[in-house]
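Biologist: I am new to this structure, and I would like to go through it with you slowly. Could we take it one question at a time?

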Amino acid sequence: MAHEINASDRFGEVRVNGQRAWHGLGMEIEEGLTAVEAFPKIGLDWHTALAPVTAQIAGMGPDGPTTVNIPLKGTNPPMAHLRIDDQGSDHRLLGMVTQGYKPMENMDLARFADALSIDGVEVETAGSLYNSRRVFCLVKLPNLIRATKDDVLENYILIQNGHGGTAALSCYPTAVRVVCANTLRWSETDLAKGIRFQHSGDFDEKLSQARSVLGTAVQEAERFQEQVTALVGKRLSAEETSTLLQTIADKTFGRLPDEFQVSGEVREKLILKRTELIGQWEVNLANSRQSMAGIRGTAWAALNAVTEFHDHDRGRYAGVDESDARIGSNIFGVSHRAKVVAFKEALATV
């Protein structure tokens, strides 16, 4: 499937301004649904199970070759974490875990997301990635971040869980810029406070801690608003913009090697590649989304030219094999980390 979302994966989204967010993948879900309502509509209401692991030993008996299945034993033998389909006939291996591992079912994740806010939440997107090993849900918060009256960021909490021991249950704040539906994670330790849980312990205790994160997220949103306002208020000359983009490229992909470090041919190719990259950022900077009244020529516009590239264009510079599925990369991986770099460097100009 597109962007390496596998055939077993499911993805749903609410339409934004007539366009489908997150690259137009998956199926449409109605606006205003809770996670518990949305998950079955998307097809995320499947179950998992733990099964003991056996070793298959080949041998030779009186009637010919034989195979014996021997259960693995020990102080903490591994368990197979399986996805079970609706008919229970297809057992897909999600990963190997220990006996102390407590699976979190997808519908439990949905209930967890819905219980975060006493005022109720609305799902924006939800889905699975990596052959069902990662499940996530993006729920909308009531407060908005405004760069200008026409450039608005909506606030969300992203809740995600990894099956098969691939990732902890976690939740953290993120923002989606409505004008071009690109995402900016601001949940690094120096930007906001996310929280992670191991697959053990009490559900209610996790929920209590997660609600404290929600309260922190609201406070951090106020700080983020101040940062956005500062970026919008920072006018950059053409030279300053060029320096900022070059610095972001260097911090993201590494500085170009000096002449004595590589051959002239290799260095020329790297320079061309870097020039094309920054050229794409400059193209984004000149588009209508970064030229709106009040943000043209600002550090905020430069930042969004870069984040738009990572959300929508990246792949021409760093292949999909490096950044995995586009959605996964944007919110969990390579592109997310690159956007954090861009955000920090843009803030450094203020």
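Modeller: In helix α5, the residues Arg274, Leu277, Ile278, Gln280, Trp281 and Asn284 are buried, where buried means under 20% relative accessible area, exposed means over 50% and partly exposed lies in between, with a 1.4 Å probe and protein chains only. Helices (H or I, at least four residues) and strands (E, at least two) are DSSP runs numbered from the N terminus. Please keep in mind that this is a predicted model, in which local features need pLDDT of at least 70 and side-chain atom pairs count only at pLDDT 80 or more, while totals for chains, interfaces and linings use all residues. Residues are numbered from 1 along each chain as its sequence is written, and side-chain values use heavy atoms, with hydrogens and water left out.

Biologist: Which helices do the buried residues of α5 pack against?

Modeller: Contact here means heavy atoms within 4.5 Å. By that rule, the buried residues of α5 pack against α4 (238-253) and α6.

Biologist: Which helices hold Trp281 and Phe309?

Modeller: Trp281 is buried at 0% relative accessibility, and Phe309 is buried at 3%. The pair ties together parts that are 28 residues apart in sequence, because Trp281 lies in helix α5 (residues 264-286) and Phe309 in helix α6 (residues 299-313).

Biologist: At what angle do α1 and α2 pack?

Modeller: Axes are lines fitted to C-alpha atoms, for helices over the stretch in contact, and angles run from 0 to 180 degrees between N-to-C directions. Helix α1 (residues 35-42) and helix α2 (residues 106-115) have axes 8 Å apart, and the angle is about 150°.

Biologist: Which residues of α1 make the contact with α2?

Modeller: On the α2 side, the contact includes Met107, Leu109 and Arg111. On the α1 side, the residues are Ala35, Val36, Phe39 and Pro40.

Biologist: How many residues of α2 are buried?

Modeller: Among the buried residues of α2 are Asn106, Phe112 and Ala115. Helix α2 is largely enclosed by the rest of the structure, because the buried residues number eight of the ten.

Biologist: Is Ser132 buried or exposed?

Modeller: Ser132 is found in the loop between β10 and β11, and has a positive phi of about 75° although it is not a glycine. Most residues other than glycine have a negative phi. At 0% relative accessibility, Ser132 counts as buried.

Biologist: How many disulfides are there?

Modeller: Cys137 is buried at 0% relative accessible area, and Cys171 is buried at 1%. A disulfide is a pair of cysteine sulfur atoms within 2.5 Å. By this rule, the number of disulfides is zero.
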